[in-house]
Amino acid sequence: MDLDYLSPEEREMLMALTLEQKIIQSKKVIRTALEKFGPKKLAVAWTGGKDSTLMLWLYRQVCNELGITIPACMFIDEGDQFEEIEDLVDRVKKEWNIPLVVVKNTDISSKAGAVGDIIIVNDLNERNRREIELLDFKDKTFPFEPESYLCNHLMKTVVMNKFIEDNELQAVSTAIRWDEQDARSHEEYFSPRHNPIPEHTRVHPILHFKERDIWDATFKYNIPFCTLYYKGYRSLGVKSNTSKSSNLPAWEQDLENSSERSGRGQDKEEIMSKLRDLGYM
Amino acid sequence: MRLFDKIKQKKISPKTVVIGLDGVPYSELLTRLIEKGRLKNMASLFGQGYFGRMEVCIPEISSVSWTSFMTGDQSGEHGIYGFMDLMPETYKMYFPNFLGLQKRTMFDELGSMGKRSVVINLPSTYPARQIPGVLVSGFVAIDLKKAVYPSSLAPELQTMGYAVDIDTRRGREDHDYLLQDLDATLKSRQNLADLLWERENWDLFMVVITGTDRINHFMWDAYADSGHARHADFIEYYEKVDSFIGSMYDKFINLPGSSEGINHFMMLSDHGFTKIRSEVYLNKWLQENGFLFFNQDPPASLEDIAPESRAFALDPSRIYINTKDRYPGGSVAKDDVEKVKNEIRSGLEELTFEDGSPVLRKILDRDEVFHGPFTRQGPDLVLLSHHGFDLKGRINSKSIFGLSGLTGMHTQDDAFFFSDKGKRVETIFELKELILKDYS
């Protein structure tokens, strides 16, 4: 089977595989990615959630088999993390000896002690001011709200883009799945990303896993998971804004849609004015 | 004969072409202009299939209607109730957009069958997301870069001078400019359609003309009055649209399989249009009747709502009860919702215009109109007006009735549908299934 393009029938077939067959398929994707990009030009995006922790486990398996070191694991600290996630990340890092890189927009977070604190645009560094300008954001201050369009862009997208640029990465591996939502049902194992982020390939080794498979694998192979799942959370995002209306981990949702989402607020005024011209509002 | 044999051997897979004409009414415009001998292409085309009136969703606005078209369902299933909605448990407005659409579209379904769609200027598909094929989003697409899938097409569109929409701000005031702009936009739509028709592999080709809705909003008075100085200009624009349809149909009929009836050519509008007698500001009515209060006068936004308020309205015809369990400043207990609804209902039933004409045709309960997982997000009451009364959710009007410069308004019961295969539908909700059926 070709890993680059999958027909609808092939996708269906892959999703119907047994757990063991699914793991074999994922490992094949990971091996191909490692061969194609090399472990230094590839990073694994790890959120501490159940999906990306399983993906990390698979990378570790493949790297052990190949006798190579595991690629860098990027963890984005949005400044409003659940302590339970931090605990899990610490624990797994130690147990599995993970080369963890925590990235954070410290220029922003150092100026905000808590969610809701006001940040003054002029106090920020040049990169952040430029990003704010690109979003066409005109106010002199903004509140620190990790899930707002502006902060989301600054705390996640910019941070990840900078990480890709600084390390000249060619690929980032994320743990999205076909069954999460329609927007992902057409993703491939290797999906190139262009504008407006630095050109790179997204590698998606566990696309064919269903939510149930994740839990089956987690329990079968004794993979650590965050205690919040015990408390009934099905997906985990930032503390101040974990939505239960979606089965999709908020962080991954943002990773996929970050450019569009970051644009939402910027567009609001312009959209409103267009609607007004047609008699709405 | 040889050609036919060849076609049979190859077993042609069906192709569908859908032309959307935003806001073009069946009886108030198309049948009239055709009777008068205008719109020659449509006249001859409509003579050879089914051409009829179609009902659309409530509220009858483009965002809801086109979403209903592409998902084959009503708002309770797809979650889009208007151009704007309130963020859950707040009075803050947001724009539900294409990324948040929860229901699979016909383009996704076709993709699952291995079929590719080319979709140009379909409203409510912004920001563009991946569809199996090519998508150029329509209204309210304000940034071309985010309106194109695959994004590699964006620079090409920029070079072509592709325009998503006319400059409504300027066109609304300056009708000379409006007509030029409508013309230019129609041409750029045609250029893009020509390009993608030839270059892409597609099974469904869809293009929507939205200039029709714009001219209807701004210049309906010119259409309705044959003595109007701009009457001829209005008709002339429609004749240009007619030429566009003629050129698309010419291409269609030359596709392999069209003459054998394998392919399907359809047209539709997402709502009708009629002349405005008066706009009706529902929030002003709610204020005057003791259901709605604001903390300041005039209110800057709905966030200025006072806690004693029992109801408020959103564009164009959605009424929400200000319940304790749903809103931070809610005042109505769960058990009193029905009582408040009944009070509003009996009040609105009595609402008449200055000449005594009744304003509302139907006052509908949420559960009569909407069903599905997103029903609870919907309005508690939704209204349908008599033609001529344009319902509005504005919050700062001085009186219940008034005009704002627009001369045309939407209608729910006078959209149109055409199928060259003679397929008949009554409502816009039936189209997704009809289109998919050709491929099964």
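In this predicted model, the buried residues of helix α8 of chain A are covered by elements that include α2 (19-37) and α3 of chain A. Helix α8(A) spans residues 211-220, and its buried residues are A:E211, A:D213, A:I214, A:W215, A:A217 and A:T218. The spacing of such positions can be read against helix geometry: an α-helix has 3.6 residues a turn, so residues three or four places apart point the same way. Just after α8(A), the backbone of A:N222 adopts a positive phi of about 55°.

Comprising residues 50-66, α3(A) lies across β1, β2, β6 (171-173) and β8 (200-203) of chain A, and its direction is at about 140° to that of β1(A). The sheet itself is open and consists of 6 strands in the order β3-β2-β1-β6-β8-β7, with mixed pairing. At its edges are β3 (100-103) and β7 (190-193) of chain A, each of which pairs on one side only. On average, neighbouring strands of this sheet are turned by 30° against each other, direction ignored.

Within the sheet, strand β1 (residues 42-45) and strand β2 (residues 72-76) of chain A run parallel and are joined by 3 bridges. One bridge can be located by residue: A:A45 has A:M74 in β2(A) as its partner.

Helix α3(A) has a further neighbour in helix α4 (residues 83-96) of chain A; the axes of the two helices come within 13 Å and cross at roughly 10°. Because angles under 35 degrees count as roughly parallel, α3(A) is roughly parallel to α4(A). On the α3(A) side the contact is made by A:T53, A:L56, A:W57 and A:R60, and on the α4(A) side by A:L88, A:V92, A:E95 and A:W96. Sorted by class, this contact of α3(A) with α4(A) has 5 nonpolar, 1 polar and 2 charged residues.

B:D165 lies between α7 (154-160) and α8 (168-173) of chain B. Its relative accessibility is 16%, and B:D165 therefore counts as buried, the limit for that class being under 20%. The side chain of B:D165 makes a polar contact with the side chain of B:R214 at 3.2 Å. When neighbours within four places in sequence are left aside, B:D165 is in contact with B:F139, B:T185 and B:R214 of chain B, and with A:K274 of chain A.

Conventions:
Residues are numbered from 1 along each chain as its sequence is written. Chains are lettered from A and ligands numbered from 1 in the order in which they are written. This is a predicted model: local features need pLDDT of at least 70, side-chain atom pairs count only at pLDDT 80 or more; totals for chains, interfaces and linings use all residues. Side-chain values use heavy atoms; hydrogens and water are left out. Helices (H or I, at least four residues) and strands (E, at least two) are DSSP runs, numbered from the N terminus. Buried means under 20% relative accessible area, exposed over 50%, partly exposed in between (1.4 Å probe, protein chains only). A polar contact is a pair of N or O atoms within 3.5 Å; within protein, one must be able to donate a hydrogen and the other to accept it, and residues adjacent in sequence count only if both atoms are side-chain atoms. Contact means heavy atoms within 4.5 Å. Two strands pair if DSSP finds at least two bridges between them. Axes are lines fitted to C-alpha atoms, for helices over the stretch in contact, and angles run from 0 to 180 degrees between N-to-C directions. Angles under 35 degrees count as roughly parallel, over 145 as roughly antiparallel, 65 to 115 as roughly perpendicular and the rest as oblique. Ala, Val, Leu, Ile, Met, Phe, Trp, Tyr, Cys and Pro count as nonpolar, Asp, Glu, Lys and Arg as charged, and the others, Gly among them, as polar.
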